[in-house]
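Please examine the sequence and the structure shown below.

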Amino acid sequence: MTGVFLPALVPLLPLLVALFLPALVRRYPKASASGVAVLLGAAALWMLALVPGLEAVRISWPWVPQMGIDLALRMDPFTAWFAALVLGLGACVILHAGGYLAKSPQLPGVLAGLCGFTLAMLGVILADNLYLLFLFWEATSLLSFLLVGFHHEKEEVRAKASQALLVTLAGGACMLAGIVMIHSHFGTASIVDLLVRTGDGSANALSSGALLLFLLGALTKSAQWPFHFWLPNAMVGPAPVSAFLHSATMVKAGVFLLATLAPLLSAHPLWTPLLSACGVLTVVTAVLRGIRERDLKALLACTTLAALGFLTLLAGMGTPEALLGFTIFLTAHALYKAPLFLAAGNLEKAFGTRRIDELAGAAKCLPWTGVAFVISGLSLAGLGPLPGLLGKEYLLKATWVQSPWLAAAVAAAAAGVVGLGLKLLLPMLDWRRRPEPKVAVPWPMKLAPLLPVLGTLVLVISLPAANHHFLGAAAAALGAPEEAAYKFWHGWTPAFMLGMGALALAWGVFRVLSRPDHGPVPAPFLPLFEPIFEHALTALKQSAKGAGKWLQSGSPGMQIGLMLVPLGLIALGGLNAASWNPRGLESEGGVAVWLLLGPVLAVAAVVAAKARTTLTLLVSLGFVGMVVALWFLWFSAPDLALTQLMAETLLLFLLAGVLKKTGVEANRSPFSTGRALIALAGGVLVTGLVLKSMSLQWDKPISAFHIEFSKPAAFGANVVNVILVDFRALDTLGEILVLAIAAMGATAALGAARRRSPLPHESDSPWLGVAARGVAALTLPVALWLYWRGHNEPGGGFIAALVAATGAGLLLLIRDRRMNPIALRHASWKLCLAGLVVALVSSLLPLTVGKEFFAGLWWHHGDLHLGTPLLFDLGVFLTVLGFALGFLRHFQPNRPL
Amino acid sequence: MSVLLAMTIGLLVAAGLYRLLGPGRLDAIVGLILLGQAVNLGIFAAGRLRHNAPAIVTEPMKPVTDPLPQALVLTAIVIGFGIIAFLLTLQTRSSGK
């Protein structure tokens with residue numbers, strides 16, 4: 001399987017090269033465009049050579065195997081045939097772009113965009129997994145936005161490119177939802193596996209919602225009514241881009257997907273009516289719109305819309321005959337639409353206009369372009385033995401089998417399209433006029449439209465052979481009958497008669513329309529979906545603006561409140577999460593301690609909430625912190641009590657410094673009932689959550705392991721410290737890293753301003769100085785002692801560092817000269833760095849003796865146990881000390897409190 | 001006892017929220033300090049409250065309190081201190097002094 005497939009992907013390699021070498025493209029723009037075109041052309045021929053006798057193959061690599069999503073590609077004669085078309089037309093388009101945009105500085109970008117577009121389209125064609133297909137699908141949307149928006153300096157172009165993007169992306173989002181639902185319904189997201197289920201009745205049971213969502217993606221992409229409006233608007237892109245978008249890529253992705261899944265999904269009762277209606281309405285809209293157009297490209301866009309409508313109709317029928325028609329119609333359309341657009345680009349370049357009446361007689365002034373335009377136009381109109389005629393014949397044939405009435409309607413619609421074709425062709429052939437070309441057209445632009453025309457002619461001449469090896473095989477792979485063969489003459493069938501009738505009707509329509517005195521064509525009933533879309537978009541933007549204004553009122557309270565309320569609602573759900581277990585609420589310690597500490601905490605909290613002066617605020621916050629520390633101490637957490645005590649001291653120190661410096665009076669706002677109510681509700685909710693969390697029962701807490709192995713495996717009796725520096729040391733490493741980064745951030749925010757501040761003066765009070773120096777001198781030894789005993793008794797690196805920092809804080813308080821900002825800054829970052837290095841070294845040391853990262857290495861001598869966790873704790877000590885010093889230096893109180 | 005502790009934590013939260021929602025420049029920071037205390041106490045309480053049984057295993061098989069919430073809260077205190085200190089820095093910076 002791989003043996004066939006991988007060589008088939010080789011042609012994609014030059015594409016990748018072209019995509020990633022914008023420098024080369026910039027240097028040799030002309031040569032590189034032609035070079036890429038030659039590479040793509042060779043790739044197209046290679047792909048084409050694969051088609052005869054190709055067995056359906058699939059290749060996949062696991063991607064998200066647990067969800068059944070693979071990076072899977074498939075190839076059968078139809079996809080290979082289509083891929084060859086894409087590559088071949090891509091070659092022509094890139095060749096043309098090299099000439100058309102030769103003077104544009106953005107040429108490299110456009111070439112890269114076109115190459116990427118080719119790749120994305122090939123991905124859509126060859127992807128087997130629907131999710132993978134979706135990725136490529138969205139890539140085509142994004143790339144077409146960039147390409148259509150080529151003249152992005154113009155407001156109008158930006159608006160139209162955005163419109164195309166929004167419509168196709170919105171459809172794509174719906175399609176993703178549809179894919180998920182189809183995946184869960186059929187149990188597979190692989191196209192090959194899905195098609196195996198054809199006819200087993202499972203498609204009938206697919207929910208209509210899923211089908212609709214899925215179809216929305218395909219219909220928006222293929223610009224089907226009522227989403228048709230974006231396609232004519234996308235004409236603002238340069239000619240080669242339009243040629244590619246309209247012929248083989250982008251819009252063809254939608255109908256391709258429809259036709260691929262048609263055998264399976266047409267069993268669903270909604271499929272055929274919905275797609276037939278959309279298809280017919282699209283054709284009607286396109287013809288009505290085309291009648292009024294005088295712009296060459298816009299008229300061509302309308303004929304594309306009509307062709308897409310027919311293709312959707314064929315995919316909607318989903319019968320073998322319809323898929324037979326689909327294959328030839330798709331091929332014919334790709335082969336005539338690309339040269340038409342490329343030729344239109346040449347005419348625009350040469351004559352500086354796109355108005356059909358001004359281009360009258362242009363064909364004979366640019367003979368090569370004219371030949372390509374006329375042959376392709378004949379194919380479009382179905383006049384003469386060209387693939388376009390085959391497409392229309394098989395379209396009518398397939399519809400006739402379905403319903404003669406439908407066939408009559410289609411014939412009438414086709415007559416309109418033929419009328420449009422005549423409107424395109426006849427002015428060009430007007431021999432009485434001879435407009436003068438203003439600019440010479442370079443050879444790549446002349447050659448590019450001729451190549452697909454050459455392909456068309458080869459196809460027609462070699463039709464019997466092409467039938468067997470290429471077209472027939474491709475159609476059969478899509479679902480048409482085996483041994484399918486196309487021919488022009490089927491005898492005097494009803495379809496043929498209808499076609500003749502359509503031709504007569506078309507001539508009549510054209511005669512009426514081309515009368516010079518018919519004045520402005522009356523606007524017939526054209527469903528105005530574009531204004532609806534635009535209004536909806538404007539309304540959405542307005543409401544977003546309104547919501548933004550309301551949500552971002554500039555009041556912090558409002559802002560925070562808006563975040564808190566949903567959070568509270570989520571938390572409310574937590575109250576019902578599990579059952580209550582009153583036994584968990586039992587605790588030791590008695591009510592006496594609460595009677596002692598509870599009221600103090602309650603009063604301090606309320607005072608802190610209402611505090612109006614700096615001093616009240618500081619004192620009340622201090623009380624809160626100290627009571628919490630005492631609480632920790634009472635409930636068997638000496639380490640926490642120590643940490644809390646030290647952190648609280650430092651915090652108050654900082655807060656006092658800020659309040660003194662910024663001169664902010666703590667609180668002047670009046671009492672607010674709303675705030676109080678939110679606060680009260682939050683308090684009640686948290687009370688409930690705390691009770692709930694205490695009432696939950698664990699059968700076996702994780703910490704049972706920690707307690708059991710603390711002494712024997714980690715040689716430490718203080719389990720809290722052992723958890724921090726050994727069992728969960730990686731977490732701690734992350735935490736000290738965060739602290740170091742916070743210290744650096746603070747330095748970055750304030751560093752420059754502080755450097756110029758004068759050195760602080762010594763304190764006025766000599767006694768305070770002596771006392772503070774005495775205590776500060778003690779803190780370092782005490783800190784080292786706390787660090788050392790931490791593994792077995794309350795203490796450890798965190799606590800030790802905070803104690804040492806308090807000593808530095810005392811020296812700052814008396815404005816000791818050694819505590820100048822620059823010295824502190826240096827000490828801070830050096831300590832942080834040293835601490836991180838020590839911690840990292842201690843974690844990496846075990847690797848040198850073949851142990852795991854962070855595994856403890858120990859050295860024992862009697863009762864003395866030394867090991868890497870102790871070293872790690874030293875790193876923690878240094879980092880936290882550096883961090884604390886880094887912050888303290890910002891808050892030296894210049895005036896006594 | 002547990003109920004009383006939970007109510008105290010709730011009161012701390014209420015005080016913190018009231019402050020947090022205030023319009024003043026330092027209100028948010030003071031509110032966060034109070035909320036931080038409440039959250040630390042809450043996590044601590046979720047690990048069950050035991051008196052006189054610190055998680056220091058000097059003799060085997062003696063039941064001790066759950067050390068894991070304590071380890072979590074210990075780092076939470078330091079990190080919380082770091083956050084508040086950073087906010088204070090930004091406050092100083094934005095007040096331009």
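Q: In the hairpin of β3(A) and β4(A), which residue takes a positive phi?
A: The model is predicted; local features need pLDDT of at least 70, side-chain atom pairs count only at pLDDT 80 or more, and totals for chains, interfaces and linings use all residues. Residues are numbered from 1 along each chain as its sequence is written, and chains are lettered from A and ligands numbered from 1 in the order in which they are written. Strands are DSSP runs of E with at least two residues, and helices are runs of H or I with at least four, numbered from the N terminus. Two residues lie between the strands of this hairpin, and the positive phi, near 65°, belongs to G862(A).

Q: How many bridges join β3(A) to β4(A)?
A: Strands pair if DSSP finds at least two bridges between them. W859(A) stands opposite L866(A) in β4(A). Strand β3 (residues 858-861) of chain A runs antiparallel to β4(A), and the number of bridges is four.

Q: Why does H865(A) count as partly exposed?
A: H865(A) lies in strand β4 (residues 864-867) of chain A. A residue is buried with 20 or more other C-beta atoms within 10 Å of its own, exposed with 12 or fewer, and partly exposed in between, with C-beta atoms placed from the backbone. H865(A) is partly exposed because its C-beta neighbours inside 10 Å number 17.

Q: Which helix gives the most to the side of chain B that touches chain A?
A: Residues are in contact if their C-beta atoms, placed from the backbone, lie within 7 Å. The contact takes 91 residues from chain A and 74 residues from chain B. With 21 residues, the helix that gives the most to this side of chain B is α3(B).

Conventions: Contact = placed C-beta atoms within 7 Å.
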